[in-house]
Structures are given as C-alpha cells and as structure tokens.
Amino acid sequence: MTSRTGEALGYEQARDELIEVVRRLEAGGTTLEESLALWERGEELAKVCRTWLEGARRRLDAALAEEAHDGQAHGEQSAEGAG
C-alpha cells in the first residue's frame, strides 16, 4: 500500500490500490488491527475514486450543456439568416 494522500492519487492509482486492499481483506489472515487499517485505507481510496468520478461527471455534463447551447445558438443564427 502507498501512503500518498488522496489529492496525490489519480483515479487509476486509487482504483488499483483499492482493488488490492479488497483482495487482501477478502483473503483474510490479517490481524484485527491490520484489517481495520486496510478498511480505513479502502474508505479513503473509495472517496478519492468517487471524487474523481463526480468531477468527470460534472465536466461531461458541462461539455454536453455547452454543446447543446452552441447547437441552439447556431440554429437561431441560421433561422435569422434565412428570413
């Protein structure tokens, strides 16, 4: 496991580390203290992934809204030029 903070992790790094944390927890054989530490790290990593995905969703929504707005503005200009 890495000790990097959430801000320093990209989505793929956080996702890959989260997969490893889950794998280790599912495999068992860790002490209670180790399991708790893994679980806490998993929660942090899941939050990082969620933040990245929410940011990506906002960017996508903004791009789609801009595209729709540009399309409407282009359509209005075409209609004005036709008259």
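The protein exposes about 6,500 Å². Carbon and sulfur atoms supply 54% of that area. I note here that the model is predicted.

**Entry: overall make-up**

I counted secondary structure next. The protein has two helices and zero strands. Helix 1 covers residues 11–27, and helix 2 covers residues 32–82.

Then I checked burial. Of the 83 residues in the protein, 14% are buried.

Residues 24 or more positions apart account for 62% of them.

**Entry: salt bridges**

How many salt bridges does the structure hold? I find five. I went through several of them by residue.

**Entry: Glu17 and Arg41**

I began with the pair that joins the helices. Glu17 forms a salt bridge with Arg41, and their closest N and O atoms are 2.9 Å apart. Glu17 sits in helix 1 and Arg41 in helix 2, so the pair links parts of the chain that are distant, 24 residues apart.

Are Glu17 and Arg41 buried or exposed? I looked up both: Glu17 is buried, and Arg41 is buried as well. For each, that puts the relative accessible area under 20%.

Glu44 joins Glu17 and Arg41 in a network of salt bridges.

**Entry: Glu20 and Arg23**

I moved along helix 1. The side chains of Glu20 and Arg23 meet in a salt bridge, at 2.5 Å from N to O. Both residues lie in helix 1. They are three residues apart, about one turn of the helix.

Glu20 has a relative accessible area of 32%. Arg23 comes out at 45%.

**Entry: Asp16 and Arg15**

Which residue forms a salt bridge with Asp16? I find Arg15, with the closest N and O atoms 3.0 Å apart.

Asp16 is partly exposed, with a relative accessible area of 42%. Arg15 is partly exposed at 33%.

**Entry: recap**

I set the pairs side by side. Glu17 and Arg41 are both buried.

Notes:
Residues are numbered from 1 along each chain as its sequence is written. This is a predicted model: local features need pLDDT of at least 70, side-chain atom pairs count only at pLDDT 80 or more; totals for chains, interfaces and linings use all residues. Side-chain values use heavy atoms; hydrogens and water are left out. Helices (H or I, at least four residues) and strands (E, at least two) are DSSP runs, numbered from the N terminus. Buried means under 20% relative accessible area, exposed over 50%, partly exposed in between (1.4 Å probe, protein chains only). Contact means heavy atoms within 4.5 Å. Accessible areas come from the Shrake-Rupley method with a 1.4 Å probe; for residues, only the protein chains shown count as cover. A salt bridge is a side-chain nitrogen of Lys or Arg within 4 Å of a carboxyl oxygen of Asp or Glu.
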